[in-house]
Amino acid sequence: MRIQLARHLACVKHYGRNRNLSIDVLESSNGSECSEGFLKCEECNQLYPVIDGVALLLENVAEYISSRPSLLGKWILSSKTSAMKEYLKKISSTLTKLTSPQGHNLYEVDGSLYESYNWTQFDFDSNDRFLSLLKHKMYPNDLYNKVVHSTATNLDGAALDMGCSSGYAAFQLAKKFAFVIGIDLSFSFISEARRRMASLRQGNLDFVVADCIMPPFHPNRFDLVIALNIIEFMDTEQLLDRIHRVLKDDGEVVFSSPYDYNRTLQVNKVGPQSFRQLLQKSGFRIGSRYVTSESFIPWTLRINERTYLFYYVDYLRARKASKGKR
Ligand SMILES: C[S@@+](CC[C@H](N)C(=O)[O-])C[C@H]1O[C@@H](n2cnc3c(N)ncnc32)[C@H](O)[C@@H]1O
Ligand SMILES: [Zn+2]
């Protein structure tokens, strides 16, 4: 992570209050980048490791790694300092008690959906079997381009991409905002996004591992939040509460969703109408053209050479109003 990013981050454990983090850089690749180290909350002493350049702003790293066991070995092999090796050893000693039988995550590098998102966002080929069959020319990343194209440029503003996966939308937003940050629970996606960031030499954005339900940010920080195709993965009411908290007054939020609950275990499901009602109840003003009419925007994932998921996603934009107001 960029060392200067530390001042934008807050401890995830003090909901709704500002608590800054200090940074202890153990390894730095070029003076401005922390490749190994710890962020620390001075109030509760919570430690957040930075491993291989990726900051993990998580309340419980041991629990996180218990559903992603293959990451721990990689982290231990790549760690360069004795302080990090000690920390990881401590984590691995608590792991046996926590390891869950599911133990597999679809969005890590060995998971079945990892390549699908790289394909949709960056790596598709216009000669692709499925895409070349379509009567109307269409690219899998059209959705993200549409979102960014419809967003006003704000060269003093800050934007947040929640559940960013490999970061395509964040890269595009960085051309319109002073500062952009992407968060995702997948360590592999965040590493991938940071690799792409380094090769593109884009200096005004960064990516960290964090949970959208416990965002590591101070209140009222962002002019724009985008939450694309993530609402099925979490309690939507909690997500809206967190977005409301980190947005500035009148800040804008953009959602897209296929409402595909086949992929998740959520019980509190929403659809186009109930989502709009919940948004208004949660203190957002929906842009007039999105209030009643749901949208059907094409979005494709390539699962493998013979399987594609073709969705029509709903798309809407809203602004933060005070809670209770519509
Ligand atoms: C369906 S993908 C959408 C990715 C991207 N926004 C897009 O539209 O291409 C869902 C993403 O959300 C991430 N995710 C799921 N639950 C999350 C949570 N609680 N906090 C942060 N990211 C989460 C997954 O790791 C995955 O990258
Ligand atoms: Zn704290």
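## Aspartate 223

Aspartate 223 sits in strand 8, which spans residues 222–228. The model is predicted, and everything below is computed from it.

Is aspartate 223 buried or exposed? The cut-off for burial is 20 or more other C-beta atoms within 10 Å. Aspartate 223 has 20 C-beta neighbours inside 10 Å, so this residue counts as buried.

Which residues does aspartate 223 touch, once neighbours within four places in sequence are set aside? The contacts are Asn154, Gly157, Ala158, Ala159, Lys248 and Gly251. Between aspartate 223 and valine 253 the C-alpha separation is 8.5 Å, across 30 residues of sequence.

## Ligand 1

The shell around ligand 1 holds 18 residues. Those that come nearest are Tyr107, Gly163, Ser165, Leu228 and Asn229. Strand 8, the strand of aspartate 223, covers residues 222–228; Leu228 is among the residues that come nearest to ligand 1.

How many residues meet between the domains? On the domain 1 side, 16 residues are in contact with 15 residues of domain 2. Strand 4 (residues 54–57) supplies the largest share of the domain 1 side, with four residues. By class, that side of domain 1 has ten nonpolar residues, three polar and three charged.

## The whole fold

Eleven helices and twelve strands make up the count of secondary structure elements in the protein. Along the principal axes, the C-alpha atoms fill a box of roughly 55 × 50 × 40 Å.

Why does the radius of gyration agree with a compact globule? For 326 residues, such a globule would have a radius of gyration near 20 Å. The protein has 20 Å, so the two agree.

Take the contacts between residues at least 6 apart in sequence: 64% of them join residues at least 24 apart.

Notes:
Residues numbered from 1 in each chain as written. Chains lettered and ligands numbered in written order. Predicted model: local features only at pLDDT ≥ 70, side-chain atom pairs only at ≥ 80, totals over all residues. Near = placed C-beta within 6 Å. Contact = placed C-beta atoms within 7 Å. Helix = DSSP H or I, 4+ residues; strand = E, 2+ residues; numbered from the N terminus. Nonpolar A, V, L, I, M, F, W, Y, C, P; charged D, E, K, R; others polar. Buried ≥ 20, exposed ≤ 12 C-beta atoms within 10 Å, placed from the backbone. Rg over C-alpha atoms; globule rule 2.2 N^0.38 Å.
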